Amino acid sequence: MTMDVIVVGGGPVGLMTAALLDAAGVRVEVYERNAEPDRESRATTVHPRTLEVLTMLELNGRRLSDILVAQGSRVPHAHFAMLPERLDYRGLDTPFPFVLMIPQWRTEQVLAEYLRARSIPVHRGAEVTEVAQSADGVRVRVGGAEHTARYLVGADGAHSLVRKASGIEFVGTAPTMVGFVADVRLTEPVTAARYFWRDTAGHAAVVPLSDGIFRVFGIEAADAGLSAERARARQAEPFTLAELRAALIRICGSDFGLADAQWQSRSSNSSRHAARYREGRILLVGDAAHVHLPAGGQGLNVGLQDATNLAWKLAAEIHGWAPDRLRTGDSGYDGERRPIAERLLANTLAQDALMHTFTPAGAALRDMVNGFIARRGEVAADLAAWLSGLGVGYPRPDGAHPLVGTKAPDTALAEGTLLRALRPDRFLLLDFTGALTGLGSARVAVVTAQRPAGWDAVCAALIRPDGHVAHAAETTDGLAAEIAAWTVPDAHLAPVA
């Protein structure tokens, strides 16, 4: 058996999973059915937390986040349900207080270049047609050949063969609407994102991307409130440039000089997530684990953050130092990321109701929620924290310090900053006393750090490889035992069957 992990699916999430596993010293290869990379814009929104986790990877002396920021367009705000009032990202505690607008193919290209530089095999035109697992490993069939590995990660999209082969149910709700999305060229100038909502016609958005391309998306009122059967049939119908032009005129009053389209598609609000994220040696990430209404650009971002949560835990398991809490416990991949998918679906369904209730009652509801955001209070802060990913945390055990599970801020270290010191194969012990060097090990790097705002009583904090707080202490008593609880395997070393 030559590989530790096979990743099925070579989109951004699959490539990110492979990149992080490789960075943690895991032998990994990727199988992708498409012979050539996509050149369609698709997911164009990258939120702050995603840029933070991309900072973990370095290509030719530059962090991947820096490479992408140089290629994209920074927008200091985000929308929720296309409401007129925007969520302001400028005050967020992050090196990336903005939404990065960048075509998905560019994100995928940068990740592919990273893997190529690391000599990680990415097999294109290699469709996996069969998946099986045993107590010792997994097997996939590609063409006439079989390939084996210790583990398999399914990053193969909403219709995931890996998920189906593993017997994992995809639970949720059927579609009730069909929208449109396209990347187009316009002859009329649109210098900033514009959003339109009319209870008699529908909603639409026109968003500048780059290179003279605009993303337009929306839905006509007649395409909301459908039966599941009608929604599926409508989604299967051809989507023409003439139909797009007519929809924009009805909703916006103009087609903005629509000249041509590079890419056109229909979307729905089907909302589903995997009943579990792991079945033995098979794990799911990204769209293979969750699908939902494309609202606020959340799908790609949550998928890349899935990969970040999974990679270090699976690497620890493969290398034999993962305690049970990282394998099957509440701190395991399924225990932490499946609740995030459930919240993601609830969030997008709420936006669905706000965007697609084309009635006077729907208009009143939009006005009310828009007013909450306009006050720049708790509602706006909570929504910005969720959409940006910066407020996403993990469960805190009873009696644990309030910081446990939260994302650590990018505090200054003796050399550099926390984000640029994270690695997927080790924890960081932030030492605010200068006296904890003896607690370092192969899995824990002790670094002298500047105490973040609000951490006044904390003398040390153990930071997970993904940047979340594993333990925070106001005294050094018991600190060694807490570190061991995260980095020393329990009674057995054998991988979970």
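User: What ground rules apply to the residue numbers and the side-chain values?
Analyst: Residues are numbered from 1 along each chain as its sequence is written, and side-chain values use heavy atoms, leaving out hydrogens and water. The model is predicted: local features need pLDDT of at least 70, side-chain atom pairs count only at pLDDT 80 or more, and totals for chains, interfaces and linings use all residues.

User: How do you know that the span of helix H8 agrees with its number of residues?
Analyst: Helices are DSSP runs (H or I, at least four residues), strands likewise (E, at least two), numbered from the N terminus. The expected span is 1.5 Å times one less than the number of residues. H8 covers residues 298–319, and its 22 residues should span 32 Å. Its end C-alpha atoms are 32 Å apart, so the two agree.

User: Why is H8 called largely enclosed?
Analyst: Buried means under 20% relative accessible area, exposed over 50%, partly exposed in between (1.4 Å probe, protein chains only). In H8, 21 of the 22 residues are buried, so the rest of the structure largely encloses it.

User: Why is Ala81 called buried and Ser119 exposed?
Analyst: Ala81 has a relative accessible area of 0%, so it is buried. Ser119 has 61%, so it is exposed. Ala81 sits in the loop between strands E7 (77–78) and E8 (87–88). Ser119 sits in the loop between helix H4 (104–117) and strand E10 (122–124).

User: What makes Phe372 partly exposed?
Analyst: Its relative accessible area is 31%, so it is partly exposed. Phe372 is in helix H11.

User: Why is the pair of Trp197 and Phe358 called stacked?
Analyst: Rings of Phe, Tyr and Trp (its six-membered ring) pair if their centres lie within 6.5 Å; planes under 30 degrees apart count as stacked, over 60 as edge-to-face and the rest as tilted. The structure holds nine aromatic pairs. For Trp197 and Phe358 the centres are 5.6 Å apart and the planes are at 25°, so the pair is stacked. Trp197 is in strand E16 (residues 194–198) and Phe358 in the loop between helix H10 (333–356) and H11, so the pair ties together parts 161 residues apart in sequence.

User: What makes Phe432 and Trp455 edge-to-face?
Analyst: Their ring centres are 6.2 Å apart and their planes are at 85°, so the pair is edge-to-face. Both residues are buried.
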